[in-house]
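Biologist: I am new to this structure, and I would like to learn how to read it feature by feature. Could we start with the way its strands are put together?

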Amino acid sequence: MIGVVSKNHYYCEIIRIPINNNTMADKLISKIPDGPLAQKWTKRKSEIHLVSPNNKRKLEIIVVGTGLGGASAAASLGELGYNVKIFCISDSPRRAHSIAAQGGINAAKNYQNDNDSVYRLFYDTIKGGDYRAREANVYRLAEVSAAIIDQCVAQGIPFAREYGGYLANRSFGGVQVSRTFYARGQTGQQLLLGAYASLNKEIAAGTVKAYPRHEMLDLVVVNGEAKGIITRNLVTGQLERFGAHAVIIATGGYGNTYFLSTNAMNSNGSAALQCYKKGAFFANPCFAQIHPTCIPVHGDQQCKLTLMSESLRNDGRIWVPKKMEDVEKLRKHQIKASQIPEEDRDYYLERRYPAFGNLVPRDVASRAAKERCDAGFGVNETGLAVFLDFADAIARLGHQKVAERYGNLFEMYEKITASSPWEEPMMIYPAIHYTMGGIWVDYDLQTTIPGLYAIGEANFSDHGGNRLGASALMQGLADGYFIVPVTIGDYLSKKFAEPKTDVTIAEFDEAEKAVQARIDRLLSIKGTKTVDSIHKRLGLIMWDYVGMARDKAGLEKAIGLIKDLRKEFYENVNVPGTQFEFNQELEKALRLEDFFEIGELMARDALNRNESCGGHFRTESQTEEGEAKRDDANYMYVAAWEYKGDGVEPELHKEPLVYENIKVITRNYKD
Ligand SMILES: Cc1cc2nc3c(=O)[nH]c(=O)nc-3n(C[C@H](O)[C@H](O)[C@H](O)COP(=O)(O)OP(=O)(O)OC[C@H]3O[C@@H](n4cnc5c(N)ncnc54)[C@H](O)[C@@H]3O)c2cc1C
């Protein structure tokens, strides 16, 4: 049953089916507080039960993931006095994928005096997400954003500064103010060093224990509540059990379902899928972000794509030639881009979207690049590239200023392509970058399994159908430093009398046995295909049919193709080596098993959502100008999928989205 119960408080109630004989929560409730938008978070905080310091010491929390979400949450919870165990795949917590973030982090500080505000950040985010995110969560995110910057400055993060010492800002896509704080092109690295330093303080104090090179392979649910995890020690191969009073998932996004993406090689969706299979709903899986400015694919032996930060669109101008003869000469290397005169260049974003120009949101910029390349104007041999040009900026600002802003990005581009952006424009093309979908969470960031929380990119987040640039770091740190440490108290305030979780009980036995069976199966196949070769084929199916443009026939085809490929995987994959050694092929095979299921769920969700919104572009639903056309009457909801068993179609639940503080309109970046 789905319903609206009062003007300010909506809920969706779903009758749940017990899984594994556990009595699970029988309602899915968004828990959005009543009252005016600007007071909801204050109100919720005042209602939340506290846990006294002596009781915090009795409580154990597992945090899976050490990116900005996980590291900030674990450090904050440790500082509060809880006993925290934190897990990650890499050899050090500070090697999490977050370290790759380049461009910056948003906050409504209005340092530039350009009329920014909490409301404007909230408004831009809802609009940027094409009206498919929860109002209350997004407002809270904007509200908390300023505190993140204060916290990070106090930690010593070397944000860029103006001449007078104030923190500097730049602009990102989809906004008309400058609210992005940055540390050259290394913002994620610097923020993670800050969170990691806080984490280390807690590790030294004994409140946090770190388990690097431990991969979560299952969630343990006892009487309907999250009570622990099964991990594989990636060095020894041993399966291990860990119990706690609550579990927080901070394992990042599932963009690597597409094989080629800008994500770190280890990024995966497995922990989220394990939670889904144990009863956590998976929300909006088809909402994947395609970033417009990545180095184009250059061959079929590639396993990684490189992002060129969105910050480059502050000063870089995107164009393709107007004349086909110039395109042909470029492809044959008979002319260089710099030789094409100004009047023969099509600055198509500036032409189509005069109000925002090169700073339109990512989904809009990506589709526009695809449109030009599909029309034959792609500037490299594959026809899948457009120019990002700094000639104007260098002339206007001078070499030194441009180097200060983007120097390391220019160097990175030159190292990879052997072409200098100081002399010729960069070539860029859209690529998979981020996933807005993820584990469904309520306002407290709790999933449909009590005691299980999801934060950072792993949850279905505050970004709706499209995330604005520099808002992922903001969301991960808001979740980790300021939201989950508070909201989890409400759950734990009822748990401090409970003893430590006994990891010898039947639920742990069963979960470990199931993981062991998966490993044994994979090692016994001894086929002829490598894991990567099959993953690459899955990626192509995803890119071709669940990529930048989707339609009914293609999505149906994708579901069939994924099923066939999954069958072939189980018949013919070759996982060399054994369980009890450092075996990265086994790690990858386990993750690929899960990518198959995620890929299918993405296609199913995209098929269900017969509208275009944000990055989800159904070709059947577009305007005459080729823009995304929403269908608010039928699809203004969060699609939350419930697992029903292997080979059984998942069940769709709908959380209605209610906008009371913002007028829902068609996105317009033209005027
Ligand atoms: C190239 C690039 C540049 C970006 N630049 C920006 C930017 O400038 N601004 C911005 O706002 N956003 C940016 N983003 C997005 C942003 O970096 C991510 O969304 C964000 O860092 C995700 O943080 P996280 O903590 O949720 O997860 P992650 O940083 O992905 O961390 C996941 C953690 O989970 C661990 N893990 C995963 N699975 C398991 C498992 N099964 N068991 C144990 N541990 C596990 C990993 O080891 C890791 O520690 C960028 C993304 C990319 C790819």
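Predicted model: local features only at pLDDT ≥ 70, side-chain atom pairs only at ≥ 80, totals over all residues.

Modeller: Strands of a sheet pair through backbone hydrogen bonds, and they do so either parallel or antiparallel. Here E13 and E17 run antiparallel and are joined by 5 bridges. Within this pairing, Cys294 stands opposite Tyr429 in E17.

Biologist: In what order do the strands of the open sheet follow one another, and which are the edge strands?

Modeller: The open sheet is formed by 5 strands in the order E13-E17-E16-E14-E15, with antiparallel pairing. Its edge strands are strand E13 (288-294) and strand E15 (345-346), each of which pairs on one side only.

Biologist: How many helices and strands does the protein chain have, and how should I judge its overall form?

Modeller: The protein chain has 18 helices and 21 strands. For the form, one can compare the radius of gyration with a rule for globules: a compact globule of 671 residues would have a value near 26 Å, and the protein chain has 24 Å, so the two agree. Along the principal axes, its C-alpha atoms fill a box of roughly 75 × 60 × 50 Å. Buried residues account for 54% of the 671 residues, and of the contacts between residues at least 6 apart in sequence, 74% join residues at least 24 apart.

Biologist: Which domains does the assignment give, and what does the contact between them take from each?

Modeller: The domain assignment gives domain 1 (293-430) and domain 2 (506-627), whose C-alpha centres lie 32 Å apart. Their contact takes 7 residues from domain 1 and 6 residues from domain 2. On the side of domain 1 that touches domain 2, helix H10 (residues 362-374) gives the most, with 5 residues, and by class that side has 2 nonpolar, 1 polar and 4 charged residues.

Biologist: Which residues come nearest to the ligand, and of what classes is the shell around the ligand made?

Modeller: There are 45 residues around the ligand, and those that come nearest are Gly65, Gly67, Ser98, Gly252 and Gly456. Several elements give two or more residues to this shell, among them helix H3 (68-80), helix H6 (187-205), strand E8 (214-222) and strand E17 (426-435). By class, the shell has 18 nonpolar, 25 polar and 2 charged residues.

Conventions. Residues numbered from 1 in each chain as written. Near = placed C-beta within 6 Å. Helix = DSSP H or I, 4+ residues; strand = E, 2+ residues; numbered from the N terminus. Nonpolar A, V, L, I, M, F, W, Y, C, P; charged D, E, K, R; others polar. Rg over C-alpha atoms; globule rule 2.2 N^0.38 Å. Buried ≥ 20, exposed ≤ 12 C-beta atoms within 10 Å, placed from the backbone. Contact = placed C-beta atoms within 7 Å. Domains from an automatic or database assignment. Pairing = 2+ DSSP bridges.
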